[in-house]
Amino acid sequence: RQGAGLFGQGGQGGGVWIIIKTRIKGKQGKMKSFLWELLQTVFFALLIYMVMRTVTQTMWVDLTSMEPNFHPGQYLVINKIAYAWGEPQRGDVIILRYPRDPSREFIKRVIARPGETVEIKNGVTYVNGSPLEEPYIRYRPTRDYSAKTLSPNHYFVMGDNRPVSIDSRDFGELPRANIVGKAWVSLWPISSLGLVPSFSYAATK
């Protein structure tokens with residue numbers, strides 16, 4: 001007798017068809033599972049990226065105002081939430097929006113905090129009448145700065161390369177709102193890879 005064919009109703013044909021359909025459904029299930037896992041991966045990758053962009057940013061150093069500690073071409077990661085639960089400390093290296101042109105960002109060091117009095121005489125920086133020890137600078141300031149007591153929520157910042165730096169000696173005390181974040185990690189060049197160190201001033205607590 002002629003059978004109903006491979007895909008007929010009787011004989012072994014029906015069993016083969018069931019096996020084929022089962023395999024197709026299995027492949028479809030695996031494809032759906034793969035697509036779901038892919039979507040989850042993409043979602044979490046985007047979420048991590050958005051979080052990282054919220055709490056950090058990167059910056060190329062393009063000027064010499066922080067030499068000898070930071071150089072043009074150095075690539076830094078900035079911690080934008082470093083001061084969410086605290087205030088900038090003397091010695092911190094920060095990124096700020098230039099008060100005269102907020103579209104520009106500078107890297108400077110915090111020298112004095114709100115309510116403190118800062119003065120520069122004969123190349124020496126004084127805070128509240130005490131001289132700062134600044135082993136990180138190569139060249140001392142070439143001009144004096146008359147004593148000034150900082151307003152609330154304002155900071156006095158300077159570059160480590162004092163003779164060429166444009167800083168609070170030029171644009172005045174820096175509003176807290178102009179501080180973008182704290183220099184956190186140096187990524188490039190490889191020779192500078194690591195955390196950016198801060199300097200504490202025990203003499204002027």
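This is a predicted model: local features need pLDDT of at least 70, side-chain atom pairs count only at pLDDT 80 or more; totals for chains, interfaces and linings use all residues.
**Exercise 1. Pairing around strand 9**

In which sense do strand 4 and strand 9 pair, and over how many bridges?

*Solution.* Step 1: strand 4 and strand 9 form an antiparallel pair with 3 bridges. Step 2: a residue pair within this arrangement is arginine 109, which stands opposite methionine 158 of strand 9. Step 3: strand 9 also pairs with strand 10 (residues 174–175), again in the antiparallel sense, over 2 bridges. Here histidine 154 stands opposite proline 175 of strand 10. Step 4: a residue counts as buried when its relative accessible area is under 20%.

**Exercise 2. Overall organisation**

State how many helices and strands the chain has, and in what order the elements run.

*Solution.* Step 1: the chain contains 2 helices and 12 strands. Step 2: read from the N terminus, the order is α-β-β-β-β-β-β-β-β-β-α-β-β-β. Step 3: among contacts with a separation of 6 or more, 59% involve residues 24 or more positions apart. Step 4: of the 205 residues, 35% count as buried. The accessible surface amounts to about 12600 Å², and carbon and sulfur atoms hold 59% of that area.

**Exercise 3. The enclosed space**

Identify the residues that line the largest cavity, and the strand that contributes the largest share of them.

*Solution.* Step 1: the structure holds 1 cavity of 30 Å³ or more, and the volume of the largest cavity is about 80 Å³. Step 2: its lining consists of Met59, Trp60, Val61, Asp62, Leu63, Ser65, Met66, Glu105, Phe106, Ile107 and Lys108. Step 3: strand 1 (56–60) and strand 4 (105–112) are the elements that give two or more residues to this lining. Strand 4 supplies the largest share, with 4 residues. Step 4: sorted by class, the cavity lining comprises 7 nonpolar, 1 polar and 3 charged residues.

**Exercise 4. The open space**

Characterise the largest pocket by volume, lining residues and residue class.

*Solution.* Step 1: the volume of the largest pocket is about 180 Å³. Step 2: the residues lining this pocket are Asn69, Phe70, His71, Gln74, Val93, Arg109, Ser186, Ser192, Gly194, Leu195, Val196 and Pro197. Step 3: by class, 5 of the lining residues are nonpolar, 6 are polar and 1 is charged. Step 4: Arg109, part of this lining, is the arginine that stands opposite methionine 158 in strand 9.

Definitions and conventions:
Residues are numbered from 1 along each chain as its sequence is written. Side-chain values use heavy atoms; hydrogens and water are left out. Buried means under 20% relative accessible area, exposed over 50%, partly exposed in between (1.4 Å probe, protein chains only). Contact means heavy atoms within 4.5 Å. Accessible areas come from the Shrake-Rupley method with a 1.4 Å probe; for residues, only the protein chains shown count as cover. On a 1 Å grid over the protein atoms alone, a cavity is a set of points where a 1.4 Å probe fits but cannot get out, and a pocket is an open set with protein on both sides within 12 Å along at least five of seven lines; lining residues have an atom within 4 Å of a point. Grid points are joined across faces, edges and corners, and a volume is the space filled by probe spheres set on the points. Ala, Val, Leu, Ile, Met, Phe, Trp, Tyr, Cys and Pro count as nonpolar, Asp, Glu, Lys and Arg as charged, and the others, Gly among them, as polar. Two strands pair if DSSP finds at least two bridges between them.
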